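Hello,

Here is the structure we talked about handing over. Please have it open while you read; my notes follow below.

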Amino acid sequence: MSYKVLSYSAPSSGAEQRMRRRVSTVGATLSSLAQWHSVTRTWKLFVMLLAVGTTDMVAAQTRAIPDSSAAMLTLPTDNTALWEGDGPAFYMYTDRRPKRGLAPAWNGGRYGFVRNGTITRWGVIYARFHEGIDIKPVRRTDSGEPLDEVRSISDGVVVYANRVSLQSSYGLYVVVEHWWNGSPYYSLYAHLKTISVRVGDHLRRGEPLGLLGYTGRGINRRRAHVHLEVGLLLNKYFQSCYDDYFPRERNHHGRYNGFNLAGVDVGRLMEAAAGDAPLSVRDLVKRTPGFFRVTIPAYGLLDILRRYPWLSPQLRGWVPDFGVPPDLAASWQITFSQSGLPVQIDALHTETHDLELEVLKPSPAPYSLLTGGLLTGSGDAPVLSRSGQRLVDFVACSPPELLEFR
Ligand SMILES: [Zn+2]
């Protein structure tokens, strides 16, 4: 018996739409064979349990945990102008020349496609995506040094602290892991002046982790702010994917590299946290419109689905670690938002031998402007760019030695 191992390599030309596929056949070791059989048994047992009527029990188990992440959130500094609806007082502006027809500069501190606005014949297009929000300081010394404390937005554990400013465009940054409704989410606090926590520290909501600053790229004392992101972790095996793409560059941040954290609309999340209609990250992701989707051959379960099984309608009711049907999918269809956030992953039974790309909302405007460069082309001729391929890889890659279905 042997397993087919798929791995993807980026085409040499960015214009190539399809990824080349390397298929290699690897003989299974006795232990992985044993694993296969035991997992299959577990799955069969699971199916039998479902058949004898414990479906409700499984579903109830999932439902019983309240999805109340929104209610547990607070803003990371004393700047609460967002909750008073005062955008200019809350968001740090970007430096740009005022131009008629474009949004005011403070808009550039918001989440989304808010930067590099250009008036085109298809209307105003903001081509640069901002994955988090930039929060203004509310306290400074006479010389303008910011003094704001930066605090964890929710209970969590510090999983990463970058203390060397030059190693990241985020400058000094901290990542905190939060568990909400059975899935881990990550808040990231960037451009800090100092960090007062260590990896492994447990933080309560509102507990300080450092001071607001202006470390990192493209920032100065005048524009000092905390850049806040809340995101999903794309891949536990990020390092091996990274090495394939950047063989000569060192990844200083392990799996907490910005490439591996897909940021959700944290501004909207924070606005909702103060209102009577709190929003969970999961609901926020589900409500984010898909813009394009790729279909790729399936090899086992995508790692991301172990953390966020709710991304896949076909895994509804499935509890991670309960075994996965080996024949769950012949291919995965991953729907991405305009900014590249995975918003849905469908398990398809139809096979695909190459990467297939489809745009859900075809547009005459260049896709490179609409997707932050993930796609190129326009109309009905979209092309996945090199950074788009990299994104797909970061979601889908798994090391060849991963012959397990746990
Ligand atoms: Zn920012």
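Thr-77 sits in the loop that runs between α1 (30–64) and α2 (87–90). Bear in mind that this is a predicted model. Is Thr-77 buried or exposed? Thr-77 has 24 other C-beta atoms within 10 Å. The cut-off for a buried residue is 20 or more, so Thr-77 counts as buried.

What does Thr-77 touch, once residues up to four places away in sequence are set aside? The contacts are Ile-135, Val-138, Asp-148, Glu-149, Val-150, Leu-212 and Val-226. Take Leu-212 from that list. Thr-77 and Leu-212 are 135 residues apart in sequence. In space, their C-alpha atoms are 8.6 Å apart.

**The protein as a whole**

The protein has 406 residues, and 39% of them count as buried. Its secondary structure consists of eight helices and 19 strands. Now take the contacts between residues at least 6 apart in sequence. Of these, 62% join residues at least 24 apart.

**The core**

The largest nonpolar core holds 90 residues. Tyr-173, Tyr-189, Leu-192, Leu-269 and Val-395 have the most contacts inside this core. Where does the core lie relative to domain 1 and domain 2? Domain 1 covers 2–64 + 288–396, and domain 2 covers 70–94 + 133–282. Both give residues to the core, so the core lies between them.

Leaving out neighbours within four places in sequence, Val-395 is in contact with Leu-234, Asn-235, Leu-302, Ile-304, Ile-334 and Pro-342.

**A four-stranded sheet**

Next, one of the sheets. Four strands make up an open sheet, in the order β16-β15-β14-β17. The pairing is antiparallel. At the edges are β16 (342–348) and β17 (356–359), each of which pairs on one side only. On average, neighbouring strands of this sheet are turned by 20° against each other, direction ignored.

Inside the sheet, β14 (residues 292–297) pairs with β15 (residues 331–336) in the antiparallel sense. That pairing runs over six bridges. For Thr-295, the bridge partner in β15 is Gln-333.

**Helix α3**

Which residues of α3 (residues 238–245) are buried? Phe-238, Cys-241 and Tyr-242 are. Seen down the axis of α3, the buried residues fall within an arc of 100°, so they line one face of the helix. The cover over these buried residues includes α8 (386–396).

Last, some backbone angles to look at. Most residues other than glycine have a negative phi.

- Asn-181 is found in the loop between β8 (172–180) and β9 (183–195). Asn-181 has 16 other C-beta atoms within 10 Å, so it is partly exposed.
- His-191 lies in strand β9. With 28 other C-beta atoms within 10 Å, His-191 is buried.

Best wishes

Key: Residues are numbered from 1 along each chain as its sequence is written. This is a predicted model: local features need pLDDT of at least 70, side-chain atom pairs count only at pLDDT 80 or more; totals for chains, interfaces and linings use all residues. Helices (H or I, at least four residues) and strands (E, at least two) are DSSP runs, numbered from the N terminus. A residue is buried if 20 or more other C-beta atoms lie within 10 Å of its own, exposed if 12 or fewer, and partly exposed in between; C-beta atoms are placed from the backbone. Two residues are in contact if their C-beta atoms, placed from the backbone, lie within 7 Å. A nonpolar core is a set of buried Ala, Val, Leu, Ile, Met, Phe, Trp, Tyr and Cys residues joined through C-beta atoms within 7 Å. Domain bounds come from an automatic or database domain assignment. Two strands pair if DSSP finds at least two bridges between them. Axes are lines fitted to C-alpha atoms, for helices over the stretch in contact, and angles run from 0 to 180 degrees between N-to-C directions. The arc is that of the directions from the helix axis to the C-beta atoms.
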